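Please look over the sequence and the model before reading on.

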Amino acid sequence: MGNICVLDHPLIQHKLALIRDENTSSKEFRSLVEEVAMLMAYEVTRDFPLEEVEVQTPVALAKAKKIAGRKVALVPILRAGLGMVDGMLKLIPAAKVGHIGLYRDHETLKPVEYYCKMPTDVKKRDIILIDPMLATGGSAVAAISFIKNRGAKNIKLMCLIAAPEGISAVRESHPDVDIFVAAVDERLNEHAYIVPGLGDAGDRLFGTK
Ligand code: PRP
Ligand code: URA
């Protein structure tokens, strides 16, 4: 079974409190989401293997360590996942970026796919799927299935806020996927919004509504 890891670093928690605040403007919301994504990337990449290398410093030869040829693809779920890409690319600049377009149908609450473009060598890459919200889990479960159908095997899911229902759904359908979140909230409301959550992540990021 995949791990669920709650990233409780004080900087992440402090910024998440500001992100949740309904008085935070879209401009601030966007920069905070980017900053938290960068901090989370630090933890999500903790298990990357290192190899020993030798580096000539101005003084002497040093034994040092470098990441051992890891190929990474970041895959945001559109739209709201886009808000986390730039922060992560600051720490993993060589990552390729794939995109999956999904929206939740407001009536059925089921995810509807409208776009998918992956790096050509996606099979060989470690995938970090990113979306601020894991609510019913329908979008994440569908996105992971799309990526697996294209041959990728090593997939991690990174979200800001998860509902217990979403975590269970992902673990049930994709038990091999590790989940990284900044917070696990109480529950979903009757519209499948996370309570207390942060509202509609896409609307708050892009100022729609
Ligand atoms: C939000 C969010 C997730 C999804 C989570 O996207 O960014 O993708 O809902 O809900 P689920 O776990 O119940 O599937 P939304 O469908 O609102 O689309 P948007 O990002 O385009 O606003
Ligand atoms: N999508 C959001 O943007 N917010 C929620 O609370 C649930 C799904």
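## Overall fold

How many helices and how many strands does the protein chain have? The answer is six helices and 13 strands. The model is a predicted one, and every value below is computed from it.

The chain holds 209 residues, and a compact globule with that number would have a radius of gyration near 17 Å; the protein chain has 18 Å, which agrees. Along its principal axes, the C-alpha trace spans about 65 × 40 × 30 Å.

## Ligand 1 and its shell

The shell around ligand 1 consists of 14 residues, and the closest are R104, D131, T136, G137 and S139. By class, this shell divides into six nonpolar, five polar and three charged residues.

Which elements give two or more residues to the shell around ligand 1? They are strand 6 (99-104), strand 9 (133-134) and helix 4 (138-149). The space that ligand 1 takes is the largest pocket.

## Polar contacts of ligand 1

A polar backbone atom of A135 is 2.9 Å from an oxygen atom of ligand 1. At T136 the side chain takes part: one of its N or O atoms is 2.5 Å from an oxygen atom of the ligand. G137 again uses its backbone, with a polar atom 2.8 Å from an oxygen atom of ligand 1.

On its own, ligand 1 has 500 Å² of accessible area, and the protein covers 91% of this.

## Ligand 2 and its shell

Which residues are found around ligand 2? They are R104, M133, A135, A192, Y193, I194, G199, D200 and A201. Sorted by class, the shell has six nonpolar, one polar and two charged residues. Ligand 2 sits in the largest pocket, the space that is also taken by ligand 1.

R104 links the two descriptions: this residue is among the closest to ligand 1 and is also one of the residues around ligand 2. A135 belongs to the shell of ligand 2, and its backbone has a polar atom 2.9 Å from an oxygen atom of ligand 1.

## Polar contacts of ligand 2

An oxygen atom of ligand 2 lies 2.8 Å from a backbone N or O atom of I194. For G199, the backbone N or O atom lies 2.8 Å from a nitrogen atom of the ligand. At A201, a polar backbone atom is 2.8 Å from an oxygen atom of ligand 2.

The accessible area of ligand 2 on its own is 240 Å², of which the protein covers 89%.

## Backbone details

What is the phi angle of A192, positive or negative? Phi of A192 is near 60°, a positive value in a residue other than glycine. A192 lies in the loop between strand 12 (187-188) and strand 13, and this residue is also one of those around ligand 2.

Two peptide bonds in the model can be noted as cis. The bond from V195 to P196 is cis, with omega near 0°. P196 is placed in the loop between strand 13 (194-195) and helix 6 (201-206). The bond from L78 to R79 is also cis, with omega near -5°. R79 is in the loop between strand 4 (72-78) and helix 3 (85-91).

Technical notes:
Residues are numbered from 1 along each chain as its sequence is written. Chains are lettered from A and ligands numbered from 1 in the order in which they are written. This is a predicted model: local features need pLDDT of at least 70, side-chain atom pairs count only at pLDDT 80 or more; totals for chains, interfaces and linings use all residues. Side-chain values use heavy atoms; hydrogens and water are left out. A residue is near a molecule or strand if one of its heavy atoms lies within 4 Å of it. A polar contact is a pair of N or O atoms within 3.5 Å; within protein, one must be able to donate a hydrogen and the other to accept it, and residues adjacent in sequence count only if both atoms are side-chain atoms. Accessible areas come from the Shrake-Rupley method with a 1.4 Å probe; for residues, only the protein chains shown count as cover. On a 1 Å grid over the protein atoms alone, a cavity is a set of points where a 1.4 Å probe fits but cannot get out, and a pocket is an open set with protein on both sides within 12 Å along at least five of seven lines; lining residues have an atom within 4 Å of a point. A molecule sits in a cavity or pocket if more than half of its atoms lie within 2 Å of its grid points. Helices (H or I, at least four residues) and strands (E, at least two) are DSSP runs, numbered from the N terminus. Ala, Val, Leu, Ile, Met, Phe, Trp, Tyr, Cys and Pro count as nonpolar, Asp, Glu, Lys and Arg as charged, and the others, Gly among them, as polar. The radius of gyration is taken over C-alpha atoms; the globule rule is 2.2 Å times the number of residues to the power 0.38.
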